[in-house]
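I am opening a notebook on a structure that is new to me.

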Amino acid sequence: MSRHRDVRNLDLDEEMYDDDDYYDGDGHDMTYEEQEQMEAGVAAVHDALNGVPGITLKEIRETLYYYYFDLEKSIAWLLEQHSVKKPAAKPKAAPTASKASAAPEVAKVFSGPSPDDVVIAAREEGPKSGKKAKTAKKDQAIAAPTNQLEVDMQAMNMGSSATGGAPAPAPPIKIARKKVNVVEEYAKVDVKESANFVIIGHVDAGKSTMMGRLLYDIGAVDERTIQKFRKESEKMGKGSFALAWVMDSTDEERARGVTVDIATNQFETPKRKFTILDAPGHADFVPNMIAGAAQADFAVLVIDASTGGFESGFNVRGQTKEHALLVRSLGVQNLIVAVNKLDSVDWNHERFEEIEMQVSQFLTNAGFDPQNVQYIPCSGLTGENLVKRSAEPALTWFNGPTVLGALESIAPTARAIEKSLRISVQDVYKAGVTGGSVTISGRVDAGNVQVGETVHAAPSGEPATVKSMQVNDDIADWAVAGSNVVLNLNDIDPMHLKAGDILCDPLNPVPTVRAFRARIITFDLARPITNGATIVLHRGRINEAARIQALVATIDRADGQIIKKKPRHLASGQSAVVEIAFLGNGIPMETFKDSKDLGRVILRTGGDTIAAGIVDELF
Ligand SMILES: Nc1nc2c(ncn2[C@@H]2O[C@H](COP(=O)(O)OP(=O)(O)OP(=O)(O)O)[C@@H](O)[C@H]2O)c(=O)[nH]1
């Protein structure tokens with residue numbers, strides 16, 4: 001076809017080159033629009049890869065097609081392929097620098113959507129040398145045009161390709177394209193905004209009761225269920241916890257009257273779909289609270305306003321401050337402070353003001369912008385100011401929003417739906433609910449995912465195929481970043497997946513790291529942090545034993561300037577750069593710059609939170 005003549009001066013392998021057809025991976029013609037994209041894409045890739053030998057036109061077309069004409073990904077993949085396959089003979093073929101420089105340049109040429117595409121993986125014995133690799137390439141050329149476009153990905157061992165060294169004996173991965181362009185599909189549909197919020201606060205502050213009442217008042221829980229809970233809880237001598245039972249569903253939680261694990265529940269308003277993450281308030285369950293907070297767009301801090309209640313929750317050992325600091329450290333910027341149980345102090349305005357003053361001082365010091373914090377006097381037990389504005393005569397001094405109004409006023413965090421796929425696994429269920437070998441629940445932190453797609457499980461490195469999925473309890477074909485999903489997976493043994501794992505794009509997997517450098521802020525410390533101290537590192541559902549292997553420097557919190565190199569210890573409220581090494585095999589991790597979700601860590605020891613930090617460098 002004449003429109004391809006401008007790329008004929010590529011170093012073409014005639015054996016593979018067939019200029020007559022566009023290959024679409026399924027043996028079908030492409031649409032006119034796709035052909036246009038292909039034409040522009042081929043020219044742009046050619047410009048970007050000029051000088052890289054051995055790349056065929058057919059390869060360029062196939063790669064562009066798999067990647068939905070995403071130039072950046074296509075170029076990166078082609079470079080990976082060619083830098084590994086011919087490392088010794090043509091060392092200049094794919095220096096890392098050319099990969100880095102090519103992408104931004106072509107991004108200007110093509111600004112279409114770039115979904116995270118592809119992939120069906122299969123394992124084969126990979127070639128061990130450059131020569132054998134070339135044979136494999138030939139095999140690939142013959143095998144490629146089947147009904148599913150498959151590409152030999154044996155050269156996807158990115159570490160060795162970047163250095164131009166001999167290819168590592170990584171097992172090959174074959175890729176096939178995804179069925180739909182999720183980014184385009186998402187743009188077509190009118191999806192209601194969804195938001196996750198976490199309920200935090202000291203033990204017994206009334207978190208579960210408040211959410212139970214909110215769900216009841218909004219009509220998400222019916223009268224009969226509440227009556228049943230009232231009867232059963234009274235029988236157990238726990239009548240005052242009836243509303244909390246809406247959230248606290250396990251026998252242990254109901255018998256103890258204490259939330260143990262994160263409880264989730266959904267409700268919808270005309271404007272939004274909300275997911276409630278009810279965090280446990282008890283000090284023993286802070287790790288579960290961290291897991292919940294990591295998924296939240298914003299938080300509701302519930303404060304017990306009863307006499308003595310506020311004081312015990314707000315002292316040094318109380319969880320009010322620890323929870324607030326934790327959510328801020330995990331990236332939450334917007335907070336609703338529900339000054340609860342105000343019924344027990346006759347809606348006393350002065351009590352409310354006193355609490356607001358003390359809490360606001362603390363929150364500002366903790367890094368919350370006062371403009372992003374709303375204070376609401378309320379009662380989870382009576383429902384005052386939760387869903388409807390209170391008609392209580394003693395509460396006329398307040399004319400601000402209800403808790404629900406405040407929830408609707410905060411914009412959920414913007415999510416990068418075009419980035420590489422990252423799903424944080426919350427729970428793993430062995431038998432697939434609707435088929436599949438494993439079912440997982442989790443949240444799409446970045447990118448998008450669709451049925452039929454192959455995902456990479458980190459850290460096991462095993463591929464899995466998405467058999468079916470649910471998004472916010474509805475059956476769906478695809479999901480984008482920000483969604484809570486349940487995925488039924490095939491082709492993976494349950495032993496290769498656990499809570500805290502990351503499902504990711506096989507072409508850009510999350511690395512598993514044994515050590516890293518981070519900038520941390522220390523909390524109130526019972527003892528200073530010293531070199532060599534063992535800690536438990538928390539990130540989402542992950543709790544991993546680790547060691548502080550170097551106190552690099554203390555730094556100025558405001559501008560990051562070094563105050564002291566190699567300090568002997570760290571005291572309360574200091575900012576510092578530290579190096580941390582895992583005692584085990586490490587965890588999948590990215591820098592904060594690359595992923596706000598995977599690059600934040602919390603450090604704990606002896607049941608206390610000692611610091612929070614962001615990851616700057618992976619070792
Ligand atoms: N007077 C009054 N009591 C309340 C209110 N909200 C909750 N309570 C009581 O406080 C106790 C604890 O309530 P929960 O909802 O279980 O507290 P929680 O914060 O969820 O507890 P954990 O999750 O275990 O930390 C129960 O006896 C509730 O009836 C309120 O608004 N007013």
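**Entry 1. The model.** I note before anything else that this is a predicted model.

**Entry 2. H1 and H2.** I began with helix H1, residues 32-48, and helix H2, residues 57-66. At what angle do H1 and H2 pack? I read an angle of about 120 degrees, with the axes 10 Å apart. Angles from 65 to 115 degrees count as roughly perpendicular and those over 145 as roughly antiparallel, so H1 is oblique to H2. I then looked up the hand of the crossing of H1 and H2, which is right-handed. On the H1 side, the contact is made by Met38, Gly41, Val42 and Val45. H2 brings Ile60, Arg61 and Leu64 to the contact. I sorted the residues of this contact by kind and got five nonpolar, one polar and one charged.

**Entry 3. H11 and H13.** My next pair was helix H11, residues 286-293, and helix H13, residues 319-329. Their axes come within 10 Å and cross at roughly 35 degrees. Is the crossing of H11 and H13 left-handed or right-handed? I find it right-handed. From H11, the residues that make the contact are Val286, Met289, Ile290 and Ala293. From H13, they are Glu322, His323, Leu326 and Val327. I sorted these residues too: six are nonpolar, one is polar and one is charged.

**Entry 4. E7 and E8.** I turned to strands. Strand E7 covers residues 335-340 and strand E8 covers residues 373-377. The two pair in the parallel sense, over five bridges. Which residue of E8 is the bridge partner of Leu335? I find Val373 there. I also followed the chain from E7 to E8, and the path goes through helix H14, residues 349-365. This β-α-β crossover is right-handed.

**Entry 5. E19 and its partners.** Last, I looked up strand E19, residues 515-522. Seven bridges join E19 to strand E25, residues 575-582, and the two strands run antiparallel.

Technical notes: Residues numbered from 1 in each chain as written. Predicted model: local features only at pLDDT ≥ 70, side-chain atom pairs only at ≥ 80, totals over all residues. Pairing = 2+ DSSP bridges. Helix = DSSP H or I, 4+ residues; strand = E, 2+ residues; numbered from the N terminus. Axes fitted to C-alpha atoms, helices over the stretch in contact; angles between N-to-C directions. Left-handed = near helix turned anticlockwise from the far one by under 90°. Contact = placed C-beta atoms within 7 Å. Nonpolar A, V, L, I, M, F, W, Y, C, P; charged D, E, K, R; others polar. Parallel < 35°, antiparallel > 145°, perpendicular 65-115°, else oblique. Right-handed = clockwise from strand over helix to strand, strands pointing away.
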